[in-house]
Amino acid sequence: MFENLIECLEYWGERIAAEYKETLQREGINASHKLSDSVKCLPVDVNGNIYEVSLQLEEYWKAIEDGRAPTKNSGNGELRRAILEWIRVKPVIPRPMENGKLPTEEQLAFLISRKIHREGYKGRHPLERTID
C-alpha cells in the first residue's frame, strides 16, 4: 500500500545500521567486532497503521548503551567469561597488584567483574547518538 514509505524506512534503517557500526569502531567499542558484525536492519514490520524499523543486535548492546547498576551478587560467571574474552581480544594491559605481581587474565577478569558488580557501569550511548 505505502511502498514508497516502506522503501524510505528500509533505507533509513540501513543507514542507521551502517552508521552505528561506524560509531562503534570510531569510539573503540568494537574490540571483538562481535557487536558490529551482528548489526542488521530487519525488514519493516507493518501492523495496521504502525510501521516499525528494527535492528538485530547482540544482546549485550543494552549494557553498552545504558550501563549496568551495581548488584549484590558478584558471582556472575557469564559476565566474567565475557570480560575474559574482551581482555584477550582488546588486549588489556594489567597494572601490578598490591603485591607487585601482574594479575593473570583470569584474575584480571575477576577484578573487573567485581568492580562492575560493586560500582556498576556507566553506559556510553552509541546507538542513541547514532540515531540522533
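The model I am reading is a predicted one.

**Entry 1: E106 and R88**

I looked up E106 first, and at 44% relative accessibility E106 counts as partly exposed, because that value falls between the 20% and 50% limits. I then asked which residue forms a salt bridge with E106. The partner is R88, and the closest N and O atoms of the two are 3.3 Å apart.

**Entry 2: the surroundings of R88**

I placed R88 in helix α4, which runs over residues 77–89, and I recorded a relative accessible area of 46%, so R88 is also partly exposed. Leaving aside residues up to four places away in sequence, I found that R88 touches E105 and E106. I also found R88, E105 and E106 linked in a network of salt bridges. As a check on a separation elsewhere, I looked up R88 and L57, which are 31 residues apart along the chain, and their C-alpha atoms are separated by 22 Å.

**Entry 3: salt bridges inside a helix**

I wanted to know how many salt bridges a search of the whole structure finds.

In the R15 and E19 salt bridge, the closest N and O atoms are 2.9 Å apart. Both residues lie in helix α1, and their spacing of four residues is about one turn of the helix. I recorded R15 as partly exposed, with a relative accessible area of 33%, and E19 as partly exposed too, with 30%.

For K115 and E119, I noted a salt bridge whose closest N and O atoms are 3.6 Å apart. These two residues both lie in helix α5, again four residues apart and about one turn of the helix. E119 is exposed, with a relative accessible area of 55%, because that value is over the 50% limit.

I next asked which residues gather in a patch of negative charge on the surface. I found E3, E7, E10 and E14 there, and for E7 I confirmed a place in helix α1, residues 3–26.

**Entry 4: backbone geometry in the loops**

I looked up the bond joining K90 and P91, and I found a cis peptide bond with omega of about -20 degrees. P91 lies in the loop between α4 and α5.

I then turned to H33, where phi is near 65 degrees, a positive value in a residue other than glycine. H33 sits in the loop between α1 and α2 (34–38), and with a relative accessible area of 36% this histidine is partly exposed.

H125 was my last entry, with phi near 55 degrees, also a positive value in a residue other than glycine. I located H125 in the loop between β6 (121–122) and α6 (126–131), and I recorded H125 as partly exposed, with a relative accessible area of 29%.

Conventions:
Residues numbered from 1 in each chain as written. Predicted model: local features only at pLDDT ≥ 70, side-chain atom pairs only at ≥ 80, totals over all residues. Heavy atoms only, no water. Patch = residues over 30% accessible without salt bridge, like charges linked within 9 Å, V, L, I, M, F, W, Y side chains within 5 Å. Areas by Shrake-Rupley, 256 points an atom, 1.4 Å probe, with all protein chains shown as cover. Salt bridge = Lys/Arg side-chain N within 4 Å of Asp/Glu carboxyl O. Lys, Arg positive; Asp, Glu negative; His and termini not counted. Charge placed at Lys NZ, Arg CZ, Asp CG, Glu CD. Buried < 20%, exposed > 50% of the residue type's maximum accessible area, 1.4 Å probe, protein only. Contact = heavy atoms within 4.5 Å.
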